[in-house]
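Reader: I am new to this structure and would like a close look at one part of it. Please take me through the sheet and the helices around it.

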Amino acid sequence: MTAETLPHTAADDGRALAAAEQALALEIAGLEALRAGLGPDFAHAVNLLYATKGRVIVTGMGKSGHVGAKIAATLASTGTPAQFVHPAEASHGDLGMITRQDAVLALSNSGATPELSDILAHSRRFSIPLVGITARRASPLAEAADVALILPPAPEACPLQLAPTTSTTMTLALGDAIAMALLDRRGFTAEDFRIFHPGGKLGARLVKVADIMHGPEDLPLITPDRPMAEALIEISARSFGCVGVTDDAGRLAGIVTDGDLRRHMGPDLAARKVSDVMTATPKTIRARALAAEALAIMNAYKITALFAVDDDGRPVGILHVHDCLRAGVA
């Protein structure tokens with residue numbers, strides 16, 4: 001029997017939706033309480049982590065460990081060098097990964113996770129800054145930490161109050177909040193983000209026009225006083241479906257596209273001057289712009305190629321819609 005054929009009733013579906021709504025409502029309430037409780041301790045933690053010359057060592061056991069690994073990844077990808085260290089492995093040699101230049105961000109809902117004890121002791125022994133995230137102020141973690149971020153009381157979304165749900169959601173959100181505060185403090189930019197995300201959809205969204213455009217050697221260009229016969233040869237030779245028209249100063253003054261050819265088709269087309277056929281003031285873009293922006297312009301104006309120009313309006317490259325598709329920008 002497959003999942004599709006398992007018997008279920010409308011009442012089953014209703015109970016599933018009700019359970020989901022209840023879980024989300026409890027977690028949202030937890031996040032609201034967390035936001036309301038932000039204060040000087042949070043700012044102190046951010047200041048401490050910002051001043052760290054080494055890495056932020058994130059650690060935690062069980063669900064807190066899974067959350068900690070994600071927080072470490074978020075910190076690393078947004079400008080704060082970070083690494084997750086498993087507390088059990090730390091007790092068997094990985095403490096050597098933690099240097100005096102680092103800071104430790106330790107996660108434990110109870111604040112009494114025994115596997116954390118060696119890392120806590122190591123941080124105290126070598127005066128390594130320690131930030132703790134826990135739900136209990138009266139706990140070994142909170143008492144040992146230089147800064148203790150205390151999660152507000154909130155019921156778990158688990159109806160049995162056993163599986164960490166609301167508490168892990170709040171911990172993860174607090175880790176994200178720390179990462180975003182540090183990102184803001186460092187002046188981390190989209191260009192910085194791209195350096196750490198060269199692959200995948202995120203990387204494609206941040207590709208610049210200059211990264212994928214065809215350079216000056218490939219530009220189809222002609223001057224307005226030339227006959228259309230030469231323009232047709234240039235369009236066919238470069239395969240962009242257009243030719244740019246430059247004025248005496250080398251600025252892009254117009255463009256001749258397949259559409260212009262159709263509109264001016266006639267027995268005398270080849271003998272006419274380019275200036276008689278071209279479309280003046282074509283759409284352009286800067287090479288430093290995002291390729292996604294160029295694609296949006298091409299879609300909006302139903303064109304397939306776009307010249308990149310410098311600040312004086314001189315063409316420096318050309319981007320075809322196929323270049324965007326190959327780069328995964330679409």
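Author: Helix α7 (residues 166–186) lies across β3, β4 and β5 and runs at about 145 degrees to β4. The model is predicted: local features need pLDDT of at least 70, side-chain atom pairs count only at pLDDT 80 or more, and totals for chains, interfaces and linings use all residues. Residues are numbered from 1 along each chain as its sequence is written, and side-chain values use heavy atoms, with hydrogens and water left out.

Helices (H or I, at least four residues) and strands (E, at least two) are DSSP runs numbered from the N terminus. Axes are lines fitted to C-alpha atoms, for helices over the stretch in contact, and angles run from 0 to 180 degrees between N-to-C directions. Contact means heavy atoms within 4.5 Å.

The sheet is open, with five strands in the order β2-β1-β3-β4-β5 and parallel pairing; two strands pair if DSSP finds at least two bridges between them. Because β2 (82–84) and β5 (147–150) stand at the edges with a single partner strand each, one side of each has no neighbour in the sheet. Between β3 (residues 103–107) and β4 (residues 130–134), which run parallel, there are four bridges. In β4, L130 is the residue opposite V104. Helix α2 (residues 40–50) also packs on the sheet, where α2 touches β1 (56–60), β3, β4 and β5.

Helix α7 has a helix partner too: the axes of α1 (residues 10–36) and α7 come within 9 Å and cross at roughly 45 degrees. Residues meeting there include L26 and L31 in α1, and M170 and L174 in α7.
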